Amino acid sequence: MSGVLISAGELQELLAASRPVRLLDVRWELGRTDGHRQYLASHLPGAAFVNLDTELSAPPGPGGRHPLPAPEDFTESARRWGINDGDLVVAYDAAGGGSAARAWWLLRHAGFPEVRLLDGGLRAWQEAGGRLVEGEEIPAPGTASLSWGHMPVADRETAGGLASSGVLIDARAPERFRGEHEPIDPRAGHIPGAVNVPAAGNLEVNGRFADARVLRDRFEAAGVDGTKPVAAYCGSGVFAAAEVAALAIAGFDAALYPGSWSEWSSTPGAPVATGGADG
């Protein structure tokens, strides 16, 4: 296992060896509300469903569409998912790891040491011959001891200043970055000085993360060199977590800007840039 990913084969071996593993199904996609229904239809045996909107986020507000949850609320959620100290937590989804990465990032932020993303998600599990089950699974409450603040976080002011002091990565699709299309937030465009490295480009055609060397080359081409501070944002801080995960695979530490474009574009007077090349 890498420090971020676990393959379907590795997960199957650990489960067969009776290693304490807690599986989290984090199916969520922008514009869809049927993640739980998808979970009920088929999920990995033993997986608990995680609601990104209510358990991995606080209610929408001035801080954006998906602000970070309060620490005490997140601890309560993690225990409700059945997480105990000493477990290996594996998060997965069915859409390239974007929503699962939000759970990965938050658990790391809360100081939980053993958490991985299932590389390739549900598709990879099925391709490896893994079985699926139906219905709700409610684990016994866990007793995980969590704290807060173990991953770097950028606020709006810090993110805005990285154009001159570091590298600010916009993980959204190129057309949103350039301001040609904005489906949900108040204004179109990007934070001035940001560079566009779409999170979708970190994946191979099979939905798995590209090799670490490929990812490193991609981020180095965007100006990331390991000497300057780096932060990532997206629409509302979800897919930016997947960008942080890809940066970690490539060997770079990066902060998450949780408010992302949903906060920035809603802030009166915040400057907006349009156009520019994608990454």
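Predicted model: local features only at pLDDT ≥ 70, side-chain atom pairs only at ≥ 80, totals over all residues.
Helix H2 (35-41) and helix H3 (52-55) each contribute at least two residues to the lining of the second largest pocket, and H2 gives the largest share of that lining, three residues.

## Pockets and cavity

The largest pocket has a volume of about 380 Å³. Of the 22 residues that line the largest pocket, Ala 171, Arg 172, Ala 173, Ala 199 and Phe 239 are the closest to its centre. The lining of the largest pocket is made up of 14 nonpolar, five polar and three charged residues.

Apart from these open spaces, the structure holds one cavity of 30 Å³ or more, and the space in the largest cavity comes to about 60 Å³. Strand S4 (88-92) and strand S5 (115-118) each supply at least two residues of the cavity lining. Among the residues that line the largest cavity are Ala 91, Tyr 92 and Asp 93, together with Leu 117, Leu 118, Gly 207 and Phe 209. Several glycines also belong to this lining, namely Gly 96, Gly 97, Gly 120, Gly 121 and the already named Gly 207, and Ala 100 is a further member. The cavity lining divides into six nonpolar, five polar and one charged residue.

| Space | Volume | Lining by class |
|---|---|---|
| Largest pocket | about 380 Å³ | 14 nonpolar, five polar, three charged |
| Largest cavity | about 60 Å³ | six nonpolar, five polar, one charged |

## The chain as a whole

The chain has 11 helices and nine strands. Its radius of gyration is 18 Å, close to the 19 Å that the globule rule gives for 279 residues, and the chain is therefore as compact as a globular protein of that length. Along its principal axes, the C-alpha trace spans about 50 × 40 × 30 Å.

Of the 279 residues in the chain, 52% are buried. When contacts between residues at least 6 apart in sequence are considered, 77% of them join residues at least 24 apart.

## Two serines with positive phi

Ser 18 has a phi near 65°, a positive value in a residue other than glycine, and Ser 18 is found in the loop between helix H1 (8-16) and strand S2 (21-25). Is this serine buried or exposed? With a relative accessibility of 60%, Ser 18 lies over the 50% cut-off and therefore counts as exposed.

Ser 260 likewise is not a glycine, yet has a positive phi of about 50°. Ser 260 lies in helix H11, which covers residues 260-264. The relative accessible area of Ser 260 is 0%, so this residue counts as buried, given that the class takes in values under 20%.

Key
Residues numbered from 1 in each chain as written. Heavy atoms only, no water. 1 Å grid on protein atoms, 1.4 Å probe; cavity = no way out; pocket = protein on both sides within 12 Å on 5 of 7 lines; lining within 4 Å. Points joined across faces, edges and corners; volume = space filled by probe spheres on them. Nonpolar A, V, L, I, M, F, W, Y, C, P; charged D, E, K, R; others polar. Helix = DSSP H or I, 4+ residues; strand = E, 2+ residues; numbered from the N terminus. Rg over C-alpha atoms; globule rule 2.2 N^0.38 Å. Buried < 20%, exposed > 50% of the residue type's maximum accessible area, 1.4 Å probe, protein only. Contact = heavy atoms within 4.5 Å.
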